[in-house]
Amino acid sequence: MKEEMFCDGVTRRDFMKACVTATAMMGLPFAMHTQVAEAVEKNGNPAVIWLHFQECTGCSESLLRSSHPTIASLILDMISLDYHETLMVGAGHQAEQALHDSMKANHGKYILVVEGAIPTKQNGIFCKVSGKTALESLQHAAEGAAAIISIGTCASYGGIQAASPNPTGAVGVRDIIKDKPIINIPGCPPSPYNFLSTVLYYLTFKKLPELDALGRPKFAYGRRIHEHCERRPHFDAGRFAKAYGDPTHAQGYCLYKLGCKGPATYANCSVQRFNDVGVWPVSIGHPCIGCTEPDLLFKTAIAEKVQIHEPTPFDSYAPVDLKEKGKGPDPLTTGFVGLAAGAALGAGAMLAKKLPGDAQEGGHEKDE
């Protein structure tokens, strides 16, 4: 039996699989995948305009490597990618015309995606497309957008361009646009499924997903990487890699002492992984660099340890390395503990002397 085709050579099964993936990513009940699919079919593909500014195109490269759905299914069946300088066939005046046609036809309804930081110094002369600065292009495109998605750390917070001394005055979208709903999808690069799920959530429910204080969707950035890391049991047991390539590193010990920022980084990398091959930086031996956080990536050294609560296991855990003996009780601490205990015993004794005889005997009369 020939399988039903949904659109442009994509099977109905593949389309529903993509909707199931997005539904799971958003933390919605499994049964709601049909509602997500119906929203796409009923409302049509939402128009998406994708602008590039100061960046490396890594976010787009990550999107190209998604497979549930593939990039073809994404731009043909789930969204209408009307303008994207890297992916579109047209160039020059033809590309510029496509941008303006989409902005006019979908005014007030299109989703604007911004990849890259926006330079602001010297009137933004450091980044120009079609004779317009990035600042001008952003302000013009944002005016008719229903919502803006800042994809990647550069568009979200300024990224490496905004690192000190920030010669171009690079900033994120939220520092410029103040009158539009803005969703940050940070990461260097972010998971393409975080982007897809955000678009489908907006399309299905006609509103933005719940965001955290940094404007990130909580379904993707609501928990620390550390909480679901496969190396977490080693952390809890006090087993830490000491150097790259040594036995502790080869055995998969926790990378915290090598500078892993996972305990201070909110993202779903340890669960979602990348490129459908089941890996992410920590799983292959490199510490998390905190790329979804504005104050970690490009602002702290890779080997620098983040400050966290309980960086070592509880004292009740058995020693991991029997060759390393503990330093034993601290004399000053022991003295204070002994002094406090002695004072408590002395106070108890004095109180007992002042109690009536019956009370000292537990409330019972003495035997004659």
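Which residues form a nonpolar patch on the surface? In this predicted model, the patch consists of V277, V279 and I284, whose accessible area together is about 270 Å². V279 belongs to the loop that connects helix 12 (269–272) with helix 13 (331–354). With a relative accessibility of 32%, V279 is classed as partly exposed, because that category covers values between 20% and 50%. The loop between helix 12 and helix 13 also holds F298, which is likewise partly exposed, at a relative accessible area of 32%.

At the level of the whole chain, the model contains 14 helices and nine strands. Of the 368 residues in the protein chain, 45% are buried. The chain exposes about 19,700 Å², and 57% of this area is supplied by carbon and sulfur atoms. When contacts between residues at least 6 apart in sequence are considered, 73% of them join residues at least 24 apart.

Five strands are arranged in an open sheet with the order 4-3-5-8-9, and their pairing is parallel. From one strand to the next, the twist averages 20°. Within this sheet, strand 5 (residues 110–115) and strand 8 (residues 145–151) are paired in the parallel sense through six bridges. V113 stands opposite I149 of strand 8.

Two helices are placed against these strands. Helix 8 (residues 192–205) packs on the sheet and touches strand 3, strand 5, strand 8 and strand 9. The direction of helix 8 makes about 165° with that of strand 8. Helix 6 (residues 134–143) lies across strand 3 (47–52), strand 5 and strand 8, and runs at about 160° to strand 5.

Leaving aside residues up to four places away in sequence, A47 touches S80, D82, S102, N106, Y110 and I111. A further relation involves M78, which is 31 residues from A47 along the chain; the C-alpha atoms of the two residues are separated by 9.7 Å.

Several backbone features were also identified. Most peptide bonds are trans, and most residues other than glycine have a negative phi. Against this background, a cis peptide bond joins S164 and P165, with omega at about 10°. P165 is placed in the loop between helix 7 (153–157) and strand 9. A cis peptide bond also joins C188 and P189, where omega is about 0°. The position of P189 is in the loop between strand 9 and helix 8.

N123, although not a glycine, has a phi of about 60°. This residue lies in the loop between strand 5 and strand 6 (128–129). N123 is exposed, since its relative accessible area is 67% and the class begins over 50%. For F298, which is also a residue other than glycine, phi is near 70°.

Technical notes. Residues numbered from 1 in each chain as written. Predicted model: local features only at pLDDT ≥ 70, side-chain atom pairs only at ≥ 80, totals over all residues. Heavy atoms only, no water. Patch = residues over 30% accessible without salt bridge, like charges linked within 9 Å, V, L, I, M, F, W, Y side chains within 5 Å. Areas by Shrake-Rupley, 256 points an atom, 1.4 Å probe, with all protein chains shown as cover. Salt bridge = Lys/Arg side-chain N within 4 Å of Asp/Glu carboxyl O. Helix = DSSP H or I, 4+ residues; strand = E, 2+ residues; numbered from the N terminus. Buried < 20%, exposed > 50% of the residue type's maximum accessible area, 1.4 Å probe, protein only. Contact = heavy atoms within 4.5 Å. Pairing = 2+ DSSP bridges. Axes fitted to C-alpha atoms, helices over the stretch in contact; angles between N-to-C directions.
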